[in-house]
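Subject: Structure handover and notes

Hi,

Here is the structure I promised to pass on to you. Please have a look at it first, and then read on for my notes.

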Amino acid sequence: MDKVLEIGHFSSGFCGRLFAQNGADVVRIKQDPLPSWVTSEAMDLYLHSDKKMVDCQDRDRIRDLASKADLLVFEGTSADSVESWGIDQWDVPLKSIITPFGLTGPKKNWRSSSNVLLAMGGYTNCSGDPDKAPLSIPGHYVEFQAGQFAYIAANAASFAEESATIDVSMLECVMALSQFTTVQWSCADHIRSRHGNDFWWVVPTNMFTCRDGWVFINITPNFWDACVAFLQLPELIIDSRFETNASRMANRDELHHIIQEAIAKVTKEELRSRATECRIPLGVVMTFEEVLEDPHLLARDFWQEPIGKQGLRMPDIPFRFDEIKRNPPSAAQLVDVDEVWNG
Amino acid sequence: MARGPLSDIRILDLSHVWAGPLCTRILSDLGADVIKIERSYARGLREPVGDPIGGWIGKDPGKEPWNRNAAFVKLARNSRSVCVDLKHKKGREIFLELVGHADVVIENFSASTMSNLNLDYETLVEANPNIIYLSMPGFGKTGPYKDWVAFGPIIEPMSGLTAAMGYSLEEPRNSGVALVDPTSATSAAAAIVTAIRSRKKKVGGSIKIEMSLHEAGVSFNGPWLIDSQLGAPSPVLNNGHPNMCPHGVYPCKGEDEWLALACEDQKDWETLAKIDESLDPSWTIKERQEWADLINLSIAVWCETRTKESAAEELQNMGIAAGPVNTVPDMFKDPQVEERKFFVPFERAETPMPGNPIKMEGIDSSDWTRCPDLGEHNFELLEDWLGYTPDELNQFLEEGVIANRPPS
């Protein structure tokens with residue numbers, strides 16, 4: 001079993017969560033919480049279940065603890081904050097270090113937050129309406145993705161039985177996950193910008209208001225005929241304005257208006273049913289409360305129920321081996337530093 | 001191929017579009033030998049219909065446009081390509097022979113495709129009792145939605161994110177970047193590295209991994225989903241934050257130029273309040289939330305005389321988290337990005353491609369190989385791994401079992 005020492009916040013917490021949920025012995029050094037999108041109770045349950053928690057700020061003792069670990073996952077707020085811990089001198093075979101901008105470079109000590117990194121990494125410029133402020137993706141996407149990369153790297157190095165110091169930059173994680181945005185500039189001279197909910201290049205791919213909410217459809221060219229059936233507007237099939245994706249792009253406003261009119265008075269349930277029948281890609285906009293009651297997730301036994309939290313639904317990590325469900329998670333257990341990894 | 005800790009791992013990649021190929025790109029950057037198993041029409045027809053979404057590599061479709069689709073190329077570095085018809089009896093046989101020499105098979109077809117090809121998990125295990133098989137349909141292989149047609153952008157609203165992201169409760173917005181796809185890609189890569197280590201510890205044995213884009217998206221929203229059961233209020237919209245204020249995106253000097261800023265704590269606020277004497281540095285977070293409109297206006301006024309870069313620089317010098325809302329050309333010239341050589345101009349026409357966010361000894365983009373041409377490694381791989389002769393392979397080519405160009 002891997003012995004993992006975790007120091008940091010959301011990124012290291014997510015990395016440690018993956019290790020803990022996959023059977024590692026994860027010890028987390030307790031930290032003062034940073035401002036989060038949710039309550040500490042929710043974040044602790046999500047990130048730190050099945051871990052041991054040590055309340056110790058004595059860096060020498062933490063260093064001693066690290067010497068008993070197989071892996072250190074360390075998240076620093078900057079390169080200098082990492083250096084101040086003297087981690088390069090710590091005797092641990094694998095160090096996975098996560099910082100906002102990486103351990104080198106002129107901005108290695110810049111302050112950051114999720115919205116700053118999303119902005120600098122090119123995501124924010126692509127989200128929101130053209131006539132309004134760009135929208136930053138809420139939540140902890142950046143931190144969790146950086147934690148996931150740190151996990152991938154640490155496991156790869158462990159597989160090869162290599163000692164390593166791994167430098168994961170959160171900004172680079174965002175830029176690495178950039179869809180076609182970068183090549184659209186370097187290969188087509190086009191700067192990707194904001195189009196509201198309209199995906200723009202594949203029409204119709206947009207959100208529409210229906211009687212009791214919103215639905216999103218994603219009609220790539222091979223789904224156009226089925227979409228016409230879904231809309232119950234057979235005349236569109238012979239309408240030259242909408243014959244090809246290029247012509248639908250050229251006449252997007254008219255098409256969006258026609259679709260909006262066609263579905264405005266139909267319920268989400270009816271539209272979903274029609275989409276299933278016609279086999280078109282359609283998703284209903286759901287609140288978190290609705291997601292928790294989603295019959296598909298319930299049927300797939302996706303939710304975990306933490307021990308002692310009867311009825312609470314916590315998402316599992318999104319992969320299982322051989323269809324075996326993980327044991328119910330339990331809240332992090334506070335232990336004394338001297339009790340960890342003795343013998 | 002790239003060097004790296006996964007250099008002993010062979011992956012057969014049947015995936016397409018974004019999530020699957022991004023997963024295997026992450027693994028090939030770490031040295032895995034990724035073999036793209038492609039259909040002859042996987043990269044489009046021989047004669048292109050219009051320009052692809054990401055343009056052409058070198059801005060030119062060239063004589064083989066199917067090999068120059070930039071969005072495809074971006075995801076296929078460090079891999080090899082075998083183009084084989086899985087619907088052809090011999091093609092299927094060749095694929096199963098390759099499975100016998102591989103460690104991992106990954107696919108993101110619809111739920112029933114592999115069964116329809118008679119290539120389900122049990123068949124793969126017959127070919128290789130130590131195979132790791134990862135399937136990633138939109139909604140997984142079981143459950144009431146398993147046969148629904150899915151792309152990332154329709155799953156995002158079903159994860160709860162869209163309702164939490166708009167300008168107001170009446171204006172929900174999807175991210176512009178099909179967020180569920182990269183979330184699924186990294187989750188799949190995490191699953192595979194976990195599996196190869198697990199198999200190594202067990203000393204062999206097959207592993208079946210079933211994923212769905214849907215669950216990857218929902219899983220990332222876990223903290224909100226838990227919080228909503230604990231009685232938390234509705235999410236804060238329009239670039240706000242429940243526990244930071246100010247927190248937003250502000251217009252700067254120039255057209256469509258913006259700055260993102262976050263004030264993490266009271267100390268930050270005491271510093272930031274100096275930009276406008278009408279702001280009281282003693283305001284608590286609760287008071288700042290009450291005065292958010294005024295604060296946001298003050299910041300906007302301060303920003304309007306500054307470029308996004310100079311505003312970010314100035315605020316960073318004050319110790320405040322701030323950064324420009326970058327376009328791609330902005331990112332390319334960011335000194336931080338340049339110094340760390342994140343974008344790597346190694347493809348044809350020196351096209352800069354996003355690098356690997358994992359930096360460690362033994363991994364270096366200097367040994368990366370360009371995206372392979374369709375079927376470029378048919379002969380090399382089928383000879384090396386399976387021992388077919390050039391004559392046999394030429395016959396397969398004639399019979400359409402393997403291909404190196406799309407149909408007309």
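Predicted model: local features only at pLDDT ≥ 70, side-chain atom pairs only at ≥ 80, totals over all residues.

**Chain A as a whole**

Chain A has 343 residues, and buried residues make up 54% of them. Its secondary structure comes to 14 helices and 13 strands. Along the principal axes, the C-alpha trace of chain A spans about 75 × 50 × 35 Å. If you take the contacts in chain A between residues at least 6 apart in sequence, 64% of them join residues at least 24 apart.

**Where the chains meet**

The contact between the two chains takes 125 residues from chain A and 120 residues from chain B. On the chain B side, helix H7 (residues 180-202) gives the largest share, with 13 residues. Sorted by class, that side of chain B has 71 nonpolar, 34 polar and 15 charged residues.

Which strands form the eight-stranded open sheet, and in what order? The order is E13(A)-E3(A)-E2(A)-E1(A)-E4(A)-E5(A)-E6(A)-E12(B), with mixed pairing. Its edge strands are E13 (333-335) of chain A and E12 of chain B, each of which pairs on one side only.

The link between the chains in this sheet is made by strand E6 (residues 164-169) of chain A and strand E12 (residues 358-359) of chain B, which run antiparallel and are joined by two bridges. If you want a residue pair to click on, Val168(A) has Ile358(B) as its bridge partner in E12(B).

Elsewhere in the sheet, strand E4 (residues 71-75) and strand E5 (residues 94-99) of chain A pair in the parallel sense over five bridges. Here Phe74(A) has Ile97(A) in E5(A) as its bridge partner.

E8(B) and E9(B) run antiparallel and are joined by four bridges; the bridge partner of Ala262(B) in E9(B) is Ala321(B).

**A closer look at H12(B)**

Helix H12 of chain B holds 12 residues (292-303); at 1.5 Å a residue they should span 16 Å, and the end C-alpha atoms are 16 Å apart, which agrees. Which residues of H12(B) are buried? They are Ile295(B), Ser298(B), Ile299(B) and Cys303(B). Seen down the axis of H12(B), these buried residues fall within an arc of 135°, so they line one face of the helix. Asp293(B) and Val301(B), on the other side of H12(B), are exposed.

What do the buried residues of H12(B) pack against? Their partners in chain B are strand E7 (247-251), strand E8 (258-262), helix H11 (285-290) and helix H13 (308-318).

Happy to talk any of this through.

Best wishes

Note on methods
Residues numbered from 1 in each chain as written. Chains lettered and ligands numbered in written order. Expected span 1.5 Å × (residues − 1). Buried ≥ 20, exposed ≤ 12 C-beta atoms within 10 Å, placed from the backbone. Arc of directions from axis to C-beta. Contact = placed C-beta atoms within 7 Å. Nonpolar A, V, L, I, M, F, W, Y, C, P; charged D, E, K, R; others polar. Pairing = 2+ DSSP bridges.
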